[in-house]
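Please brief me on this structure.

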Amino acid sequence: MKDSAPGTVYLSDYAPFGWLIESVHLEFDLDPDATRVKSRIVFSPNLNSPEQEFFLHGENLRLISARIDGTAISPRITREGLTCPVPEGEFLFEAEVEINPGANTALEGLYLSNGMFCTQCEAEGFRKITYYPDRPEVMAVFTVEINGSASVLLSNGNPGPRGPGHALWHDPWPKPSYLFALVAGDLVAHSDRFTTASGRRVDLNLWVRPGGDEDKCAFAMEALKRAMQWDEQVYGREYDLDVFNIVAVDDFNMGAMENKGLNVFNSAAVLASPETSTDANFERIEAIIAHEYFHNWTGNRITCRDWFQLCLKEGLTVFRDAQFTADMRSAPVKRIRDVIDLRARQFPEDNGPLAHPVRPDHFQEINNFYTATVYEKGAEVIGMLKRLVGDKAYAEALELYFARFDGQAITIEDWLSVFEDVTGRELCQFLRWYTQAGTPRVAVKEEYDSGTYTLTFTQSTPPSAASPVQRPQIIPIAVGLLGANGDEVVPTQMLELTKDSQSFTFEGLSGRPVPSILRDFSAPVILEHEISDAERAFLLAHDTDPFNRWEAGQALARETLCYMATSDARPNPDYLEGLRAVLRDDSLDPAYRALMLGLPGESEIALALSAHGIIPAPEAIHAARERLLDALSETLADDLPALLDANAVRERYSPDAAQSGRRALFTAALALWSRRDGGARAASEYAAADNMTLQLGALGALLAIGRGEAETAAFYEQWRHERLVIDKWFAIQISHAAPDAAVAKTRALVQHPDFNWKNPNRFRAVLGALAGNHGGFHSRDGRGYALFADWLLTLDPVNPQTAARMCTAFQSWRHYDGGRQMLIGAQLDRIATAGGRSKDMGEMIARIRA
Ligand code: ARG
Ligand code: ZN
């Protein structure tokens with residue numbers, strides 16, 4: 001179904017480009033406000049009989065001159081690009097354009113960050129650098145010459161001869177334009193080297209600005225070497241150039257970018273030291289370093305035919321980086337964290353107006369589709385595929401994938417074809433995971449009769465604008481059965497649900513079992529299993545599947561919070577007692593126990609209530625969560641001091657899984673203990689902290705009980721020259737503010753001289769924290785909505801991509817009461833009718849209002 005919005009692109013309209021590119025030569029004369037780019041591109045006709053006219057993308061370019069086979073031409077220029085007649089057969093296209101990196105605040109194309117030239121071309125930024133068929137399936141070999149005054153001049157591939165003010169780079173691997181990168185600045189390198197399995201020596205450099213960042217590179221470099229080795233060992237993939245460069249950039253819209261041989265990173269996603277970074281920062285950096293590196297094979301060597309296929313590279317690469325993290329750290333902990341994240345970010349998207357399939361079939365602005373659905377659900381889909389075919393077939397299919405498609409730009413159908421060929425299985429039903437939006441609900445009914453136990457599953461997915469007709473999915477459901485004493489009487493089996501409703505029978509049981517369903521979260525669905533609190537408590541105590549054991553605790557917490565938010569019910573004692581038993585079990589990994597202590601967030605409770613047909617009241621949800629935290633601190637009063645003692649880390653700081661797990665349990669216990677001692681212990685921990693995890697953990701514990709004013713001031717004085725730490729300082733004050741104080745706190749902080757809103761990290765630290773403070777954002781008078789909308793409107797003309805992305809704060813608006821819907825609706829109207837709005841934000845607001 002096509003809507004009529006102008007500027008919408010449809011997958012069904014895909015047509016190949018009429019030419020191939022034999023070679024690309026680019027020459028840059030860098031200048032902050034008048035950079036010249038000369039291009040020489042050799043085109044040859046593609047199989048599909050080219051038209052006599054061709055179109056090259058180009059935006060915000062000043063064309064100086066253009067020639068075909070040496071003869072000057074006068075092409076037709078529009079806002080989108082250039083059109084001109086071309087000869088039959090092969091021809092040379094040459095152009096010279098002028099661009100203004102200094103004026104580029106959108107951070108797409110070539111721009112300046114702290115005086116450093118850098119690029120971001122994915123998805124469609126290369127067209128802001130020169131005229132080009134800026135589409136991912138046009139792959140070419142690039143040679144790049146850079147003239148500029150900076151001491152370091154970088155581009156993709158291998159370095160050629162260089163001299164003062166000049167550098168040459170050649171990338172032998174054909175690549176799409178979105179993987180192009182250029183960096184020029186007075187940078188210093190943290191260098192190392194890696195030898196691949198077949199003996200190729202690779203120089204590794206992490207480039208940073210001098211003066212403070214050099215000592216924050218070591219961890220990322222070690223992570224890179226581990227990732228390189230892991231990809232050889234697990235996927236048989238070697239690196240394929242002589243150098244691998246990474247650059248840290250302060251102004252960046254996303255986490256990082258996998259440009260061939262020249263990854264560009266948001267500083268926050270690469271720089272780390274124990275004093276300035278938390279354990280969570282270290283883990284995230286390790287994962288992003290691995291993610292971008294893994295793209296070299298899943299994304300760069302094999303890329304996407306068109307942007308609808310984005311999940312081809314992103315879903316697979318997220319899946320691979322999750323496997324890496326699971327191997328480096330703890331698999332159950334990683335799995336639980338990923339599910340928490342999926343529920344917090346992807347479920348609201350998939351169950352609201354922004355729902356779209358993992359492979360969308362239309363868009364206006366592709367940047368709006370770098371979403372939790374494409375990335376995280378895209379990775380879940382691959383996890384399901386692996387579960388369905390088994391580990392061995394998965395490995396064979398991946399071998400075949402790399403062999404068959406290396407050097408090509410392909411589709412999801414191509415990806416599935418290797419699984420079909422290896423297993424002989426038809427995967428057309430599986431394809432629905434890519435084409436249907438929405439989170440399937442799976443309802444479970446149990447029946448037991450003299451030794452025979454039957455599970456009946458019924459699936460349904462609510463229809464939406466993106467998927468009006470929902471057909472049954474193939475859903476792998478991992479199930480194990482436990483006996484009355486907690487023994488596993490039936491070990492994990494993978495049931496395959498393919499129909500609307502289906503039953504599975506287990507024979508020969510000696511008594512009614514307790515089922516453990518959807519182990520390891522074997523599919524991204526909402527399980528509707530009505531079981532008693534006693535059974536949940538039993539699973540919390542006994543489930544042998546670590547994910548489901550955690551899940552049992554979460555379900556109890558979620559349900560008790562839902563009751564408490566809608567009545568004056570007291571916390572469920574089964575939950576409190578069950579949790580205490582788990583926390584006392586020293587055989588359990590501290591990181592795992594810390595996750596057990598985590599309560600569902602307030603927005604998760606709001607969505608859970610709304611799923612039960614109850615209109616959520618944000619203030620009541622917040623109050624319920626506070627009451628539950630108080631009850632937890634009371635129940636655990638005798639245990640907390642011992643937990644603090646046992647998990648205080650006295651060894652030299654290391655961000656490894658074991659130590660960071662202990663710190664996670666320590667800081668979770670500290671936050672609860674602060675509710676008993678008024679923050680005395682947290683204040684002394686703050687004063688003694690010698691690493692950011694503890695310092696921030698203690699500060700958070702204080703802020704959460706309405707204290708920590710002196711510490712907040714001292715924190716600023718201590719860290720005012722560390723921009724990444726100051727981001728944390730901004731965020732924590734807002735995220736830990738009481739609901740009635742969050743908007744005022746945000747208002748005060750946007751006045752702070754360090755609130756440089758044009759920097760995406762700083763903007764997100766402040767406005768992202770406001771959106772994340774559920775009670776504050778949804779303050780009944782609408783001040784949170786209005787303030788947030790003000791800032792979206794301020795940012796949009798400067799940086800549409802980040803502004804549009806942050807519109808997601810409004811995506812769940814229909815769940816709230818009429819008063820709030822009116823207030824949010826008014827802000828959405830205000831944004832929708834504001835003049836000069838970007839296409840990015842225009843699309844987001846239109847979808848959210850629809
Ligand atoms: N490919 C990058 C990654 O996931 C993300 C870059 C997306 N950038 C954008 N402007 N949409 O690793
Ligand atoms: Zn990626």
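The points below cover the ligand site, a helix and a sheet.

This is a predicted model: local features need pLDDT of at least 70, side-chain atom pairs count only at pLDDT 80 or more, and totals for chains, interfaces and linings use all residues. Residues are numbered from 1 along each chain as its sequence is written, while chains are lettered from A and ligands numbered from 1 in the order in which they are written.

**Ligand site**
- Around ligand 1 there are 14 residues (C-beta atom, placed from the backbone, within 6 Å).
- The closest are E122, M254, M257, N367 and Y370.
- Two elements, β20 (256-257) and α2 (279-294), each give two or more residues to this shell.
- Ligand 1 lies between domain 1 (1-186) and domain 2 (302-434), because both give residues to its shell; the domain bounds come from an automatic or database assignment.

**Helix α2**
- Helices (H or I, at least four residues) and strands (E, at least two) are DSSP runs, numbered from the N terminus.
- Of the 16 residues of α2, 14 are buried (20 or more other C-beta atoms within 10 Å of their own, C-beta atoms being placed from the backbone).
- So α2 is largely enclosed by the rest of the structure.

**Sheet**
- An open sheet has 5 strands in the order β17-β18-β19-β21-β20, with mixed pairing (strands pair if DSSP finds at least two bridges between them).
- Its edge strands, β17 (188-195) and β20, each pair on one side only.
- Strands β19 (243-249) and β21 (262-266) pair in the parallel sense over 5 bridges.
- V247 has V264 in β21 as its bridge partner.

Conventions: Buried ≥ 20, exposed ≤ 12 C-beta atoms within 10 Å, placed from the backbone.
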